[in-house]
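Here are some notes on the aromatic side chains, written for reading alongside the sequence and the model. Please go through the points in order.

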Amino acid sequence: WTAYATYGRLYSVNGTVSGGGIVLGPDLRINRQNLKSLNNLYEAGLRREGRTNFGVTAFWQERQQPDLYAFKPNDIAVRGVEAEVSRPMGRFMTRVSAVYNEGNFINALPFEYAPTITAPGDYRIPGLSRIYANSTVSYRGQRWGASLTGRYQTEQSGNLLNTYILPAQYTLDASLSYKRRDWSVTLNVGNLTNRWNWIHNG
């Protein structure tokens, strides 16, 4: 087993949720807070490598998002745990991973085009599923290769008051490949089941 812990700190230019613009303050100057959006990331985990590879990571992120209502960023906290298991079996490889996370604004009044809130609060981030899961089975032969990947995520809040929901959804993708000594060709097929899935636009 291997134990590890990491810490990352990042400042970056960050525009508003309305498309990347930066709002000017009352004095018609750019608020300096918009030029150093904070991002702190703490991680700690365990990893085991062998016949079956296994890893688990707990994380906590503190970040900021500019707001059209106020001339300062909103604080956000995201915390959760991620696990991954992979196992080779001859020419086959199986990999499964999953993430559980909670993400909330902290005492904030976030911007919405059609406002549903009137007071600051610790609102869950719209468009963020609590669970994301991925699974891949692949085959690699001397000439031929193939893979099947499934992705799943639980329902998402549509707005800050959770008055409408984007349902849970999944996607299946596949690939088939063939290689020779000096060339190869790969066929990728996305969304095998032709599902209509939804992406929250923030």
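**Notes on the aromatic pairs**

1. At a relative accessibility of 29%, Phe 54 counts as partly exposed, whereas Trp 1, with a relative accessible area of 65%, is exposed. Please keep in mind throughout that the model is predicted.

2. A search of the whole structure finds five aromatic pairs. Trp 1 and Phe 54 form one of them, an edge-to-face pair with 6.0 Å from centre to centre and 80 degrees between the planes. This pair links distant parts of the chain, since Trp 1 belongs to the segment before β1 (2-12) and Phe 54 to strand β3 (residues 53-65), 53 residues apart.

3. Phe 92 and Tyr 139 form a further pair, whose ring centres are 5.1 Å apart.

4. Phe 92 lies in strand β5 (residues 92-106) and Tyr 139 in strand β6 (residues 131-140), so their pairing ties together parts of the chain that are 47 residues apart in sequence. Phe 92 has a relative accessible area of 41% and is partly exposed; Tyr 139, at 28% relative accessibility, is likewise counted as partly exposed.

5. Which residues form one aromatic cluster? The cluster consists of Trp 144, Tyr 178 and Trp 183.

Terms used: Residues numbered from 1 in each chain as written. Predicted model: local features only at pLDDT ≥ 70, side-chain atom pairs only at ≥ 80, totals over all residues. Heavy atoms only, no water. Phe/Tyr/Trp six-rings, centres within 6.5 Å; stacked < 30°, edge-to-face > 60°. Helix = DSSP H or I, 4+ residues; strand = E, 2+ residues; numbered from the N terminus. Buried < 20%, exposed > 50% of the residue type's maximum accessible area, 1.4 Å probe, protein only.
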